[in-house]
Amino acid sequence: MGPVQGDTEKGHHMTMEGIHATGGAATAKTTVETVKRAFKYNLFHRLGRFPAVATKNDKYLALAYTVRDQLLHHWVATAENYFKTGSRTVCYLSAEFLLGPQLGNNLVNMGLFEVARQAMRELDLDLDDLLEQEVEPGLGNGGLGRLAACFLDSLATLQIPAIGYGIRYEFGIFEQEIRDGQQCERTDKWLRYGNPWEIARPEISFEVKLGGHTEEYVDGQGRTRVRWIPGRIVKGTTYDTAILGHRVSTANMLRLWKAEAPETFEFEAFNVGDYYGAVDQNVAAENLTKVLYPNDEPIVGKLLRLEQQYFFVSCSLQDMIRIYLQRGVRLERFHEKYAVQLNDTHPSIAIAELMRLLVDEHGMGWDQAWGVVTGAFGYTNHTLLPEALEKWPVGLFGMVLPRHLQIIYEINRRFLDQVRARFPGDEGRVSRLSLIDETGDRYVRMANLACVGSHAINGVARLHSELVKTQLLVDFHAMSPEKFHNVTNGVTPRRFVVLSNPKLSALITRAVGEGWATDLNRLKKLESFVEDPGFRQEWRQVKLENKRCLARHVERTLGLALDPESLFDIQVKRFHEYKRQHLNVLNILTQFIRIKQNPAKPVEPRTYIFGGKAAPGYSMAKRIIRLIHSVGRALNDDPDVRGRLRVVFLPNFNVKNAHRVYPAADLSEQISTAGKEASGTGNMKFSMNGALTIGTLDGANLEIREEVGPENFFLFGLTADQVQELSWQGYQPWRYYQSNPMLKDVIDLIASGALADGDRSVFGPVVDSLMGEDPFMLMADYQSYVDCQDAVSRVWAEPDRWTRMSILNAARMGKFSSDRSIQEYCRDIWKVQPVPFTIDPEASGEWY
């Protein structure tokens, strides 16, 4: 093998080998000189700046517009091709799209990264500085939104006609700031400098009705119809972003909706001195798309969230109908044109809305409309937590969407007639399957609506899909087993290896050749290098350089010095009790107590790194973040521990920060309670970058372990069946406390207040939860986890053995590309074919 590229002060310089790891090339017209010329043009003509006074953001924008202008040729040509072919199209409805920074990703996909770097260098600019300037769109909360973004990448790369539909939140997921060890939320003003990647299309807008009442009337053909008289109307306008595939001509579209008032300024109110009233209607309308996931604890939050979900669904379906009718065809075949996928329950009101549009607005009969609806929709379930399945109080729902409540009642009546015919006398089953929960306060069950109105229902990992069928949606499976599928999630290797880990990409390409980023199974060829000492050394060196890069970032931003030679043990994900970040903390305290009891005993140095956000209203998750900081303060200041253990929390974990974290990980913590995590995708990103996994048999962990081999996976804990059995037996967590002296010492240390300056009340709720219900069975899994961590340390002490396992983890991750996931959706659920085409480089437009 050739030499690995040396480390740099920036730490993430792309190399030609790394970026061109998958073949393909830029168009014939794209040279360093054309990029420079276009950059200067955009800086002057679009931004009105000359180099001497241009800010760093001006220069970023000039390069972004340069890339976007070339991207537009792909986008327009793709749209024209789809229009000519009338191709069947995937419409992906998601409340979240966590895209991540776009500049680097688009340069990678266009094959222009090294060209752009050289062009900027000749202009005395540093491409890495410009990449760092980009503000990440905070349009998602975690795995759900990032999965949607990975799927858009794969749809375009596979040249599948697709449109992503979502919300253009003015303020995205909050920016996390840590003060005195506690999470504080700051407004995520991601649009404060503009967004060069989007194109506003104010001419494409739709009215969305809210509130009011309904009335019956007789139409011209003597049919009784229903008219919705809204209490108010908002207007949805669209902002489009091109999503380019990797080294292909296809660029699909992400269409996001912004809410406005139909009339943004009331002159009559202004003229009589009511200045607030003149703009009040617009302010109220714009609130719909102000923020991602408003706090829905108070009733006004629930109201806003329901309106928000309906708003984007209604706009999206009206847009699909508009596009479809452009070809002069009849709506009875709408479902032949569109495969509409519901990404979790958030957009499931789409089923009632499409019925309303077809029946009320377009005069279609109920039965025919229902056939169109069920033919069009598929539903992806992303949770095994019953409380996460959305449901709305009937009174609130009827106040916001009176017509839809009527439609849901009618869908329910017809569906329950089918249930009673299939299972006569089983009223318990009827009650469980009903779209209306009648067991106490009445609720509309949105997951039930999604199940009834979709022709396909899928889970996102094999274990998850089985638990969906046997536990979560067992009655629906008994009713319609043919609807149920599994599509295990995947992630895009273009962003999470090629872009974020260029040194590893270069090493892989030299070993297995190009093309692996679009055919990840080619990584299997790495297995032949496992016994090559030179290759193992290069692999270790790449990992070390990535760890140094992360260490420099931590020192620069947090003032903490990390030892890159130590084991980087990383858990980064949304904070939730079932993800069990606090189990990780219990082990850290165990290691701390062991050192204090025997300071002379050798310890493999380890750096524990956490990252992730807690929902603003989730007090226990925020308390766990505080506990991590308190433990870190105690360990990092202790002379016996210094140089052995280090605890770090990375604030504001997002896609941009993930680019630094995944390549630097030695150990990936995937330690959720078995049977609680639907899939997980962070586990895949870590493994693709050569991290080893310590985890339970939960979500996709099970399949990752099968692929990489059980000998290359650190397994611990109860299985999903054992968790359920223990729960049925009557789980008593305090028994583990009584019978395990070390666990008792750890819990007592937390309870004592020693980690909170003597204040026992700070972490008292954590202790009470563990000693009381312990709903996610940390106490039961504690000893198995600690023993497994000891095994990790023993393997880490053998560098060659660890490196072999690391190489095999990356080599066997072919299954977990999002390309494979999308191919399965296309084959089994959407019935969609690729529409390949190629842009003529000579006709792809000028670079000024």
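This is a predicted model: local features need pLDDT of at least 70, side-chain atom pairs count only at pLDDT 80 or more; totals for chains, interfaces and linings use all residues.

Visitor: Which residues does Ser821 touch, not counting residues up to four places away in sequence?
Guide: Ser821 touches Phe151, Val487, Thr488, Asn489 and Gly490. Contact means heavy atoms within 4.5 Å. The place of Ser821 is in helix α34 (residues 818–830), where helices (H or I, at least four residues) and strands (E, at least two) are DSSP runs, numbered from the N terminus.

Visitor: Why does Ser821 count as buried?
Guide: Buried means under 20% relative accessible area, exposed over 50%, and partly exposed in between (1.4 Å probe, protein chains only). Ser821 has 0% relative accessibility, so Ser821 counts as buried.

Visitor: What makes Arg642 exposed?
Guide: The relative accessible area of Arg642 is 53%, and the limit for exposed is over 50%, so Arg642 is called exposed. Arg642 lies in the loop between α24 (619–636) and β19 (645–650). Leaving aside residues up to four places away in sequence, Arg642 touches Asn636 and Asp637. Between Arg642 and Pro605 there are 9.4 Å in space, C-alpha to C-alpha, and 37 residues in sequence.

Visitor: Why is the pair of Phe334 and Tyr338 called tilted?
Guide: A pair of aromatic rings is described by the distance of the centres and the angle of the planes. Rings of Phe, Tyr and Trp (its six-membered ring) pair if their centres lie within 6.5 Å; planes under 30 degrees apart count as stacked, over 60 as edge-to-face and the rest as tilted. By this rule the count comes to 21 aromatic pairs. For Phe334 and Tyr338 the centres are 5.0 Å apart and the planes stand at 55 degrees, so the pair is tilted. Both Phe334 and Tyr338 are buried.

Visitor: Which parts of the chain does the pair of Phe716 and Tyr785 link?
Guide: Phe716 is in the loop between β22 (714–715) and α28 (720–729), and Tyr785 is in helix α32 (residues 778–796), 69 residues apart. This aromatic pair is tilted as well, with 4.9 Å centre to centre and 50 degrees between the planes. Phe716 and Tyr785 are both buried.

Visitor: How do you know that the charged end of Arg46 sits over the ring of Tyr65?
Guide: A charge sits over a ring if NZ of Lys or CZ of Arg is within 6 Å of the ring centre and within 35 degrees of the ring normal. The charged end of Arg46 is 4.3 Å from the centre of the Tyr65 ring and sits over that ring. The charged end of Lys391 likewise sits over the ring of Tyr443, 4.8 Å from its centre.

Visitor: Which element gives the most to the lining of the second largest cavity?
Guide: Helix α7 does, with 4 residues. The second largest cavity holds about 120 Å³ of space and is lined by 13 residues, with Gln102, Asn105, Ala149, Asp153 and Ile243 nearest its centre.

Visitor: Why does Gln159 count as buried?
Guide: Gln159 is at 12% relative accessibility, under the 20% limit, so Gln159 counts as buried. Gln159 lies in the loop between α7 and β2 (162–167). Its phi is near 60 degrees, a positive value in a residue other than glycine.

Methods
Residues are numbered from 1 along each chain as its sequence is written. Side-chain values use heavy atoms; hydrogens and water are left out. On a 1 Å grid over the protein atoms alone, a cavity is a set of points where a 1.4 Å probe fits but cannot get out, and a pocket is an open set with protein on both sides within 12 Å along at least five of seven lines; lining residues have an atom within 4 Å of a point. Grid points are joined across faces, edges and corners, and a volume is the space filled by probe spheres set on the points.
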